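This report describes selected features of one protein model. The sequence and structure are shown first, and the individual features follow.

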Amino acid sequence: MGLPDGLVASVIPAAAVIGILFAVFLWKRVAAIQLVGGRLISSQNGREYLLEEEQRGGEEEVVAKAADIQKSISEGASSFLATEYYYLGIFMVIMAVIISGLLSSVTPEDGRTRNDEVRNGIFSTISFVLGGATSILSGYLGMQIATYANARTAVEARKGIAPAFMCAFRSGAVMGFLLSGFGLLNLFLAITVFSRFFGDDWRGLFEAITGYGLGGSSIALFGRVAGGIYTKAADVGADLVGKVEKDIPEDDPRNPAVIADNVGDNVGDIAGMGADLFGSFAESTCAALVISAVSSLGTQHNYSGMMFPLLISATGIIVCLATTFIATDLKPAKVISEIEHTLKMQLIISTLLMTPVAYGVAVLSLPAEFIMNVPSSTADKPFDEKTVKNWYMFVCISAGLWGGLLVGLQTEYFTSNRYKPVQDVADACRTGAATDIIFGLALGYKSCIIPTIVIGVAIYVGNTLAGMFGIACCALGMLSTLATGLAIDAYGPISDNAGGIAEMAGMGEDIRERTDALDAAGNTTAAIGKGFAIGSAALVSLALFGAYVTRARIDMIHSSILDPRVFAGLLFGAMLPYWFSAMTMKSVGKAALAMVHEVRRQFNTIAGLMEGTTRPDYKRCVAISTQAAITEMIAPGALVMLTPVLVGALFGTQCLAGVLAGSLVSGVQLAVSMSNTGGAWDNAKKYIEAGATEHARELGGKGSDCHKAAVIGDTVGDPLKDTSGPSLNILIKLMAVESLVFAPFFYNCAHGQGLIFSWLGLAQ
């Protein structure tokens, strides 16, 4: 039963290539708006003509400024990523040597030979390097696209909301389809090439492929942390001195930190976010593959069934392609009130379309029934056999798919200034920053309730129907519309940059009003994207945990939460997200402090800066953010990367299992509350600034005491929503996939008891 192998082997790469070609098509449409010689030119049907504003004259200087600012932002972002990727390249070489060395040194057991272990070490290393390189490529392409589109979005805003929206959304979609296409294509090619060396050993093949997820998430962690420190150091410094002390508008060209702030949007919210979601895709797919490899799908060499996770991602690209046309051509946002609705409909429509497609893929690619191995409930055997029907997998995919939509919609409710929670936070600014912060924290904590329930239900459904494979497929379902999720996520930073360029180029209040509306919707969509990332990370982490338990040969019958090793690990793991967050937030604080001192120095020492007759030293602020980001990313990254290796080798596989479970449980709650609290504070500030409702106008608008309190709240929330919060979901995934990759080595250390317990004679 199932689809012919040849058809499966054709459909997956074909869908990936179609996604990449569609991204190129969208790129061409964005590139039709050219900034040439200080004039805005639109190209249609092979003919170029000046826009109406240009024919009237007086706009050439504005567009020339926009092009100049775009160049500065692009150069700053490229310079930072080049520096970051240089150090990450060194890290990848060191990590590759460690992976190859440790896995190749494992003592062969269960009929495996020394050559099998060496082969596993070599190919796990290759897949790690491939995953890391794909993650780097994803981040770099996303940054290039965003910096190319930001000025074009700003100049398109002069024609109205619809042209600016289409430019920003198409640019975000370019990133979404490029990342989805390359991620899927590279993984499929790796499986195809590796299979020639592994032959019939499918279990060994897919265990080696897990290195792909490890590479992707390793780079994502450093990219998120470094990008988050960069962007928030600049943002906090620019806001505290510019808006609070000097009472100048956001993105005012007189502010020395303004270029660094806009660069940060690209290296943090674009490059970091792209690498993050690529890591989620890679790990969820690898988790599903490694679990299904020991099922009847793997043992009977059912190629169509084994490729089910990749087929879901492949068909998801086609579904997202159809959905994108609705926002870019059929029904784009034409007025301010339609922006959020249009973006939200992208999520809803893609989910509706993907549901019947998932059913078709499950029924056609999987056999009517197959056997999954699940942990045994009795002591006489390690596993029980569970009969799984193909439509069960459709239910699992749907649980993740619709669960992701629910998480996204509730995130919108708690972070959009169209709804009461954010308006209550804005109203709390009447009595100062303290009450604003109190209300924001309460909102973040409350916003954890629904995502936790949704994730819990998805876990129960997936595990009941198909064990850990079902949970992995729930994560795949949540990420099946990845291209659309990335498009609306990348749209936000592009719109934010467009607003900054409009302000710096002096395009006028009416244009800035449009870009602010695009940006406010972008803040909400960014929070929705983070909600998807966190929810999928929880499911992926649990699926990887299940695969780790199997590969590390942990006896689930005799392992209990009351076991002192497990419980000690549980407590330590629950503490890790707080330790990690403390590191990243302090790093932002230290970098922001240096930025504040530099911005103050320039205002105090550069004559004519406040009057606007002298240009600030933008490059000095860019250098401060770059240096801080590169140096401060090392300690948090080392904490995450070293913890599983040290705990697993020294204290054993059971203690490490407790660490993974503890970090998952506490990390999810902390990540959700941080992301939503920060998003709510940001949009509360924008609610006051926009003054679009009677209630908002009562709060005083820009420059009022309420506004200053809101700016302080937003500043506090910046490292929560853009540095620590988004990085936490990578922490829980990365520790799980690293544990899975190194599981044979951990078991090799005194048969999983740990070197310390073995040395002390306490092995059980």
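Contact here means heavy atoms within 4.5 Å. The model is predicted.

## Glu689 and its surroundings

Under that cut-off, and with residues up to four places away in sequence not counted, Glu689 touches Lys243, Glu250, Lys702 and His707. With one of these residues, His707, the side chain of Glu689 also forms a polar contact of 2.8 Å.

Glu689 lies in helix α21, which covers residues 653–690. Its relative accessibility is 16%, and buried means under 20%, so Glu689 counts as buried.

Glu738 counts as buried because its relative accessibility is 0%.

When residues up to four places away in sequence are not counted, Glu738 touches Met95, Leu214, Val640, Met641, Pro644 and Val645.

## The largest nonpolar core

In soluble globular proteins, nonpolar side chains tend to be buried together. In this model, the largest nonpolar core has 247 residues, and the members that touch the most others are Met307, Phe308, Ile339, Met393 and Tyr548. Helix α5, residues 161–198, gives the most to this core, with 20 residues.

Phe308 illustrates the contacts of one such member. Leaving aside neighbours within four places in sequence, Phe308 is in contact with Val361, Ala362, Ser365, Leu366, Met393, Ile397, Phe469 and Cys473. Among these partners, Met393 is itself one of the core residues that touch the most other members.

## Helix α11

Helix α11 comprises 27 residues, 339–365. From its first C-alpha to its last, α11 reaches 38 Å, close to the 39 Å expected at 1.5 Å a residue.

The helix is bent by about 25 degrees at Thr355, and a proline, Pro356, follows within four residues. The residue range of α11 takes in Val361, Ala362 and Ser365, which are among the contacts of Phe308.

## His301 in a loop

His301 is found in the loop between α8 (296–299) and α9 (303–306). Its phi is near 55 degrees, a positive value in a residue other than glycine.

Is His301 buried, exposed or partly exposed? At 30% relative accessibility, His301 counts as partly exposed, because this value falls between the 20% limit for buried and the 50% limit for exposed.

Key
Residues are numbered from 1 along each chain as its sequence is written. This is a predicted model: local features need pLDDT of at least 70, side-chain atom pairs count only at pLDDT 80 or more; totals for chains, interfaces and linings use all residues. Side-chain values use heavy atoms; hydrogens and water are left out. Helices (H or I, at least four residues) and strands (E, at least two) are DSSP runs, numbered from the N terminus. The expected span of a helix is 1.5 Å times one less than its number of residues. The bend at a residue is the angle between axes fitted to the seven residues ending there and the seven starting there. Buried means under 20% relative accessible area, exposed over 50%, partly exposed in between (1.4 Å probe, protein chains only). A polar contact is a pair of N or O atoms within 3.5 Å; within protein, one must be able to donate a hydrogen and the other to accept it, and residues adjacent in sequence count only if both atoms are side-chain atoms. A nonpolar core is a set of buried Ala, Val, Leu, Ile, Met, Phe, Trp, Tyr and Cys residues joined through side-chain atoms within 4.5 Å.
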